[in-house]
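Subject: Structure handover

Hello,

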Amino acid sequence: MTDRYDAVLVGAGIMGATLAALLHELDPAMRLLMLERLDGPALESSAAANNAGTGHAANCELNYTPQQADGSVATAKALAINAAFERSLEFWATLRERGELDTPAFLNSVPHISFVWGQGDVAFLRQRHQQLSALPAFAGMEWSSDPAELAEWMPLVMQGRGASEPVAATRLSRGTDVDFGSLTRLYLQDLQRSGALELRTGCEVNDLTRKSNGDWSVELAGGERVQTPFVFLGAGGGALPLLQRSGIPEAKAFAGFPVSGQWLVCGDNQLASRHLAKVYGKAKVGAPPMSVPHLDTRFINGERSLLFGPFAGFSTKFLKQGSLLDLPRSVRIGNLLPMLQVGAGN
Ligand SMILES: Cc1cc2nc3c(=O)[nH]c(=O)nc-3n(C[C@H](O)[C@H](O)[C@H](O)COP(=O)(O)OP(=O)(O)OC[C@H]3O[C@@H](n4cnc5c(N)ncnc54)[C@H](O)[C@@H]3O)c2cc1C
């Protein structure tokens with residue numbers, strides 16, 4: 001076995017797996033090495049239960065369409081996100097047609113709903129609907145402020161809600177729920193089968209150094225080194241320390257602020273079968289997107305469940321299976337100021 005690869009990808013989450021699949025598309029002759037510290041792929045953020053599985057297409061996420069001073073909403077970000085997700089769908093469809101990706105194993109159709117209450121937010125949603133539904137990307141987006149109709153769209157959300165407050169929602173039926181954990185594993189299995197990718201699990205990357213010929217020397221726990229002209233740090237919360245060790249100037253101001261999201265999960269089949277949607281509310285102005293409350297239908301390993309959250313959590317670990325020293329170890333003179341700014345703003 002040679003110790004030189006065309007690309008080394010650190011971390012077997014959805015980012016590394018997607019990049020590996022794309023690189024293989026572009027050049028099937030590339031020799032790819034993926035290094036993962038845990039015992040298998042997609043055990044951190046990409047695990048299905050560790051994220052909400054929303055195929056973000058800006059159908060329901062209100063933070064992508066901020067209101068402007070003249071009362072209209074800005075649509076540029078929503079359009080860009082929608083186009084990016086369309087490209088993912090096209091890529092998956094292509095692989096599916098070639099028999100290389102079992103799309104039903106990770107992709108489910110779930111309507112995306114935005115739900116608001118109170119005069120101001122109802123007016124905002126009305127404006128957003130008028131502008132977005134006129135665009136081809138969001139054609140077919142429905143609007144309703146009729147509590148009876150909304151109770152059909154999302155019975156659990158409307159149950160017990162008083163009639164005194166105005167409510168409204170928009171719905172796009174072609175939304176999706178994505179099991180990113182399964183998708184990660186499917187990509188990697190296919191690449192391993194084709195011989196394009198070598199995946200080493202239980203293999204932590206400790207350091208990376210640039211050599212005089214431009215190659216990177218990647219050091220694994222235990223001291224082994226592999227050489228490559230191209231390294232991708234898809235290490236999630238483990239990317240920051242490696243970025244800092246790489247010595248590249250761009251790494252200097254980067255910092256990590258480990259706010260996590262936690263969920264209430266309901267596996268009661270009867271209850272879960274009464275809700276088929278991802279219902280996104282509206283966060284307060286200036287609040288991080290993370291604080292948007294949502295009630296989601298999830299499909300994980302063929303099981304349907306409900307997820308409500310996120311509830312913000314804080315830990316000094318950068319990875320679920322990381323160290324409590326991750327945060328203190330990451331602090332440098334160069335990143336102290338940006339960290340304090342983020343901390344103060346959130
Ligand atoms: C609460 C929450 C909800 C979310 N909801 C959504 C959503 O609805 N839709 C959506 O699209 N996204 C969502 N996300 C974001 C999404 O989960 C992440 O963007 C995505 O999973 C990140 O993938 P990744 O491959 O970069 O990282 P990860 O999945 O974390 O993978 C990184 C991998 O690198 C490995 N690693 C780390 N350090 C090393 C090292 N030194 N050597 C070797 N391996 C290493 C880790 O073990 C891990 O396996 C959510 C995230 C959170 C936290």
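What volume does the largest cavity have? The largest cavity has a volume of about 80 Å³. Here a cavity is a set of points, on a 1 Å grid over the protein atoms alone, where a 1.4 Å probe fits but cannot get out. Grid points are joined across faces, edges and corners, and a volume is the space filled by probe spheres set on the points.

Before the rest, the basis: this is a predicted model, in which local features need pLDDT of at least 70 and side-chain atom pairs count only at pLDDT 80 or more, while totals for chains, interfaces and linings use all residues. Residues are numbered from 1 along each chain as its sequence is written, and side-chain values use heavy atoms, with hydrogens and water left out.

Cavity

The structure holds 1 cavity of 30 Å³ or more. Its lining (residues with an atom within 4 Å of a point) consists of A21, H24, E25, F91, L95, E100, L101, L186, Y187, D190 and L191. Helix 1 (14-26), helix 2 (76-97) and helix 6 (180-194) are the elements that give two or more residues to this lining; helix 6 gives the most, with 4 residues. Helices (H or I, at least four residues) and strands (E, at least two) are DSSP runs, numbered from the N terminus.

By class, the lining has 7 nonpolar, 1 polar and 3 charged residues. Ala, Val, Leu, Ile, Met, Phe, Trp, Tyr, Cys and Pro count as nonpolar, Asp, Glu, Lys and Arg as charged, and the others, Gly among them, as polar. The cavity lies between domain 1 (7-48 + 180-255) and domain 2 (57-175 + 257-314), because both give residues to its lining. The domain bounds come from an automatic or database domain assignment.

Ligand

The ligand is surrounded by 32 residues (a heavy atom within 4 Å), and the closest are M15, E36, S46, T54 and V205. This shell divides into 15 nonpolar, 13 polar and 4 charged residues. Domains 1 and 2 both contribute to the shell, so the ligand lies between them.

Polar contacts are pairs of N or O atoms within 3.5 Å:

- E36: a side-chain N or O atom is 2.6 Å from a ligand oxygen atom.
- S45: a polar backbone atom is 3.3 Å from a ligand oxygen atom.
- A52: a backbone N or O atom is 3.0 Å from a ligand nitrogen atom.

Taken alone, the ligand exposes 1000 Å², of which the protein buries 82% (Shrake-Rupley areas, 1.4 Å probe).

Backbone

The peptide bond from G309 to P310 is cis, with omega near -5°, and P310 lies in strand 16 (residues 303-314). A42 is not a glycine, yet has a positive phi of about 55°; A42 sits in the loop between strand 2 (32-35) and helix 2.

Regards

How values were computed: 1 Å grid on protein atoms, 1.4 Å probe; cavity = no way out; pocket = protein on both sides within 12 Å on 5 of 7 lines; lining within 4 Å. Polar contact = N/O pair within 3.5 Å; in protein donor to acceptor, adjacent residues only side chain to side chain.
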